[in-house]
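Okay, thanks everyone, I'll keep this short. Let me put the structure up and walk you through a few spots in it.

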Amino acid sequence: MKIAQRIETIPPYLFAEIDKKKEEAIKRGIDIINLGIGDPDQPTPNNIIEKLNESVKDPNTHNYPPYDGTAEFRQAVALWYKNRFGVDLDPDKEVMALIGSKEGIAHIFLAFIDPGDFSLIPDPGYPVYKTATLFANGFPYTMPLLEENDYLPDLEEIDEEIAQKTKLMFINYPNNPTAAVANKDFFKKIVKFAKKYNILVCHDFAYSEMTFDGYKASSFLEVDGAKDVGIEFHSLSKTYNMTGWRLGFAVGNREAISALSIIKTNIDSGVFKAIQQAGIEALTGPQDNIEKMNQVYTQRRNIVVNGLNQLGWNLKPIKATFYIWIPTLKGMNSIDFANFLLEKTGIIVTPGIGYGDYGEGFVRIALTVEEKRLEEAMERLKEAGFSSE
Ligand SMILES: Cc1ncc(COP(=O)(O)O)c(C=O)c1O
């Protein structure tokens, strides 16, 4: 048998590779501290679990769900949006349930990219933007996210000819992997750019609620004209510790939502209704767990930022996400540095190159283990003589 070229040219999914390395190290008896994967370590709040328990017993949830999500789920999303961002959404035409936001992010490329079309994607960036472009036989065009630009793309640097051939661009703030945030002025520039070149803007907003020190993230759709050009992808994964439940949603421009729906109706059959009911509970029930979790991440952030700064790094406290993006030690590429760290200290981090060429020279630390283990990690680094000086 002969597999398709589109598979052959795609490197193995980074996190699957890291998992393999972790398993090997565990077999060798190493006490691993895994700071490699952005998966919350805390459980889903109880009210959501209880809602699922109740819903799953109701036979009305057992048949095929509506493709775009139940009317109740879409209404809950619209209400949440109105309360949180002051943005009006038509729950029937501007909201769609997703089997996790990754699913929608991957499929939107099939709805907009024809062979030979370009997508504009951030580098470093969530790897799916690139692979999904390649799956659609398009060309991913990199927008470098550089430290000196606060990890925002420089729109002036985008080649005019490429912009003309671009159908879709992705932005993602709060950002994975750099933890950067964006303000409305930046979003306004994006809207102007998208209107000029007739481009669909996709804002990946998976970390919208994971913010610290009083910072609140703005929705792209808060900006005038944004809904004419864009959609936003959301996830319940990080906000409500629900990564395994697979529930997200897309909102915004109705043509884009409708195009995504055409792809999805031919590929999947929606999200289990009981999970959508639990999702309604998440969005409309008590929200205090979000603040509690953000307090937990703030403490963890402080341990790592202070710990690394004592070793000579020069990191500012991040305002959002549970990632810390740090330069490797001088002269080391990100894979060598990650391997070196694993060998010397048993700590797993993610090599920056996994997020694109501009991720080279960095690694990503995820704050997804408890404080004690993070303190232990900092101690191990100190004992192993790690210093960025
Ligand atoms: C930037 C970004 N977008 C999207 C996702 C996908 O999240 P999910 O499919 O769980 O909603 C992730 C997950 O880590 C992410 O980091």
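I'll go through a lysine, then a pair of helices, then a histidine. Keep in mind that this is a predicted model.

So, the lysine. Lys-51 sits in helix H3, which covers residues 46-56. Skip the neighbours within four places in sequence, and Lys-51 touches Gln-277, Ala-278 and Glu-281.

Now the helix pair. H12 runs over residues 273-284 and H4 over residues 71-85, and their axes come within 9 Å of each other. The crossing is left-handed. Who's making the contact? On the H4 side you've got Glu-72, Phe-73, Ala-76, Val-77 and Trp-80, and from H12 there's Gln-276, Gly-279, Ile-280, Leu-283 and Thr-284. Sort those by type and you get six nonpolar, three polar and one charged.

Last stop, His-203, in strand S6, residues 200-204. This one is buried, because its relative accessible area is 0%. Which side chain does His-203 make a polar contact with? That's Glu-232, at 2.7 Å. Beyond four places in sequence, the residues in contact with His-203 also include Phe-187, Phe-220, Ile-231 and Phe-233, plus Ile-171, Asn-172 and Tyr-173.

That's my tour, thanks.

Notes. Residues are numbered from 1 along each chain as its sequence is written. This is a predicted model: local features need pLDDT of at least 70, side-chain atom pairs count only at pLDDT 80 or more; totals for chains, interfaces and linings use all residues. Side-chain values use heavy atoms; hydrogens and water are left out. Helices (H or I, at least four residues) and strands (E, at least two) are DSSP runs, numbered from the N terminus. Contact means heavy atoms within 4.5 Å. Axes are lines fitted to C-alpha atoms, for helices over the stretch in contact, and angles run from 0 to 180 degrees between N-to-C directions. A crossing is left-handed if the near helix is turned anticlockwise from the far one by less than a right angle, and right-handed if clockwise. Ala, Val, Leu, Ile, Met, Phe, Trp, Tyr, Cys and Pro count as nonpolar, Asp, Glu, Lys and Arg as charged, and the others, Gly among them, as polar. Buried means under 20% relative accessible area, exposed over 50%, partly exposed in between (1.4 Å probe, protein chains only). A polar contact is a pair of N or O atoms within 3.5 Å; within protein, one must be able to donate a hydrogen and the other to accept it, and residues adjacent in sequence count only if both atoms are side-chain atoms.
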